[in-house]
Amino acid sequence: MKIAHSQQIIGASKGGSALLQCYIEAYPEPFVEWIFGEARVLVEGGRLNISEEVLDWRLGEPVSRRALLTVSGLAAEDYGTYRCQARNNRGRTYGIVSLIGMHTFAVFLQANFSVLDNENLLLFLLSFSCC
């Protein structure tokens, strides 16, 4: 059993949403859970959506999957370390996803042109504003 890309960093802005992903290869089929911080097992509902997608089958059994955790309406308390833990009767493994805050800003660019006639440019005004 293994988890590919076992350490990731995801950046997302307050109020937005974040998609955390975990790629798991395991047989027999593992039990997968998401853990926040030291020991808080996450349960789907409210701002949390937990799902899985089978990526590969062998001999009629799923052997590769992607576990997904979507956190919407991000708040300061959502930032931190998440663990995707997979376990079956052959063992246990986990991947770590760190969710960090990102500041958002908007950039507005405006250009105004005035033409005196078909050949001469009378005025060109470019303004830039940020945040």
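Valine 71 sits in strand 7, which covers residues 61-71. Strands here are DSSP runs of E with at least two residues, while helices are runs of H or I with at least four residues, and both are numbered from the N terminus. This is a predicted model, in which local features need pLDDT of at least 70, side-chain atom pairs count only at pLDDT 80 or more, and totals for chains, interfaces and linings use all residues. Residues are numbered from 1 along each chain as its sequence is written, and side-chain values use heavy atoms, with hydrogens and water left out.

With a relative accessible area of 1%, valine 71 is buried. The word buried stands for under 20% relative accessible area, exposed for over 50%, and partly exposed for what lies in between, using a 1.4 Å probe and protein chains only. Not counting residues up to four places away in sequence, valine 71 touches Gly16, Ser17, Ala18, Arg47, Leu48, Asp78 and Tyr82; a contact means heavy atoms within 4.5 Å. Between the C-alpha atoms of valine 71 and isoleucine 50 there are 9.0 Å, and the two residues are 21 residues apart along the chain.

## The chain as a whole

Now to the wider view. The chain has 11 strands and 0 helices, so to read along its sequence is to follow the pattern β-β-β-β-β-β-β-β-β-β-β. How many of the residues count as buried? Of the 131 residues in the chain, 29% do.

Contacts between residues at least 6 apart in sequence join residues at least 24 apart in 57% of cases. The accessible surface of the chain is about 8,800 Å², and 53% of that surface belongs to carbon and sulfur atoms. Such areas come from the Shrake-Rupley method with a 1.4 Å probe, and for residues only the protein chains shown count as cover.

Strand 6 (residues 48-58) pairs with strand 7 in the antiparallel sense over 10 bridges. Two strands count as paired if DSSP finds at least two bridges between them. Leucine 48 has valine 71 as its bridge partner in strand 7, and arginine 58 stands opposite glutamate 61 in that strand. Serine 64 also has its place in strand 7. Serine 64 counts as buried, at 14% relative accessibility, and leaving aside neighbours within four places in sequence, serine 64 is in contact with Ile24, Glu25, Glu53, Val54, Leu55 and Asp56.

## Two backbone details

Most residues other than glycine have a negative phi, and most peptide bonds are trans. Strand 6 and strand 7 form a hairpin with 2 residues between them. Leucine 59, in the loop between these strands, has a positive phi near 50°. Is leucine 59 buried or exposed? At 89% relative accessibility, leucine 59 counts as exposed.

The other detail is the peptide bond from tyrosine 27 to proline 28, which is cis, with omega near 0°. Proline 28 lies in the loop between strand 3 (18-25) and strand 4 (31-36).

## A second sheet and a disulfide

Another open sheet is formed by 5 strands in the order 2-9-8-4-5, with mixed pairing. At its edges stand strand 2 (7-12) and strand 5 (40-41), each with a single partner strand, so one side of each is left without a neighbour in the sheet. Strand 2 and strand 9 (residues 91-101) run parallel and are joined by 6 bridges. In strand 9, glycine 101 stands opposite alanine 12.

The structure holds 1 disulfide, a disulfide being a pair of cysteine sulfur atoms within 2.5 Å. The bond joins cysteine 22 to cysteine 84, with 2.3 Å from S to S. Cysteine 22 lies in strand 3 and cysteine 84 in strand 8 (residues 80-88), so the pair ties together parts that are 62 residues apart in sequence. The torsion about their S-S bond is about -90°, so the disulfide is left-handed. Cysteine 22 and cysteine 84 are both buried.
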